[in-house]
Amino acid sequence: MADEISPSLLYLWDKRTLYIGPLFEPLNLSQGAATLLVSLDKPISFKMKDDEESTECYSLLLPAGLTVSIDTGDAIIANCNLDPLGADFSGVTSLMQDKKGKISYNLSQYGDFKHVYTAMLEQQLESEPAYELLEDLLEKRFSQFYPNHAIDSRVAKVVDKIKLNFDDNQSVDDLASFVNLSVPRLVQIFKKQTGVPMRRYRLWHRLYVTAVRMGNGSSLTEAALIAGFTDSAHFSHTFKSMLGMSASTMLLQPNSIKIVAQK
């Protein structure tokens, strides 16, 4: 299957991102967002810090903020970064059959996910039809199995404000004042809702903005500066930390990559 994959796809939407293709190297990452990883052809494995042995599977669900090592070998994978407010993660958790620590693995509806992701890759779908398929898969098709997921409107407002002012290091005090909360209370509920501190979420969103700018033709350096990184080295370090591989490995891969940004 790997010989047929050209190019890989990187979809960038405001609510989610999705990469479909090979990863080329093992990942050692500290999650910036909750992530669903599905292999489309071969088994993959994961290992947490204190594990002596790796666990093999075809799909795994990672919460935000988790440190984990993943080896996908030469498998073709779909790596979906889920919505920041936790609705996707809450729902998909109910579809996972096994659990180890904070990691859930083995989707009960694996065949459905594999079919949708494979169709996106083989048809090289553009942004809108790809997102319609993904939205159906994550929000509608199995919603009867999903628990209720409460979203704190104050956290949602802070997330929107960070997105709108991605290049501005707004203070936690200003963000707390914006939603009429004390700083400790905002810090608490933001971490509970998103799984990561505000600073880490801001960096995660800047990675997204950088990739969108690159997809629209900007150089990596120019895009990183526009997104609010101090320089390309700051961007590269953040990318490696959160995604587990270098930006050059992901964006300059040998079989090429097609970046599809939301319009």
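Q: In what order do the 8 strands of the open sheet run, and what is the sense of their pairing?
A: Strands of a sheet pair through backbone hydrogen bonds, either parallel or antiparallel. In this predicted model, local features need pLDDT of at least 70, side-chain atom pairs count only at pLDDT 80 or more, and totals for chains, interfaces and linings use all residues. Residues are numbered from 1 along each chain as its sequence is written, and side-chain values use heavy atoms, with hydrogens and water left out. The order here is β10-β11-β7-β4-β9-β2-β1-β12, with mixed pairing. Strands (E, at least two residues) and helices (H or I, at least four) are DSSP runs numbered from the N terminus, and two strands pair if DSSP finds at least two bridges between them.

Q: Which are the edge strands of this sheet?
A: They are β10 (96-100) and β12 (257-261), each of which pairs on one side only. Between neighbouring strands of the sheet the turn is 15° on average, direction ignored; axes are lines fitted to C-alpha atoms, for helices over the stretch in contact, and angles run from 0 to 180 degrees between N-to-C directions.

Q: In what sense do β7 and β11 pair, and over how many bridges?
A: Strand β7 (residues 59-62) and strand β11 (residues 103-107) are antiparallel partners over 2 bridges. Opposite L60 stands Y105 in β11.

Q: What is the order of the open sheet of 4 strands?
A: It is β3-β8-β5-β6, and the pairing is antiparallel. β3 (27-30) and β6 (55-57) are the edge strands. The twist averages 30° from one strand to the next. β3 pairs with strand β8 (residues 67-71) in the antiparallel sense over 4 bridges, and L29 stands opposite V68 in β8.

Q: Is the phi of N106 positive or negative?
A: Most residues other than glycine have a negative phi, and most peptide bonds are trans. N106, not a glycine, has a positive phi of about 70° and is found in strand β11. Q124 also has a positive phi, near 50°; Q124 is in the loop between α2 (110-123) and α3 (127-140).

Q: How many salt bridges are there?
A: A salt bridge is a side-chain nitrogen of Lys or Arg within 4 Å of a carboxyl oxygen of Asp or Glu. By this rule there are 11 salt bridges. K163 forms a salt bridge with D14, and their closest N and O atoms are 3.2 Å apart. This pair links distant parts of the chain, 149 residues apart: K163 is in helix α4 (residues 153-164), and D14 is in the loop between β1 (8-12) and β2 (17-21).
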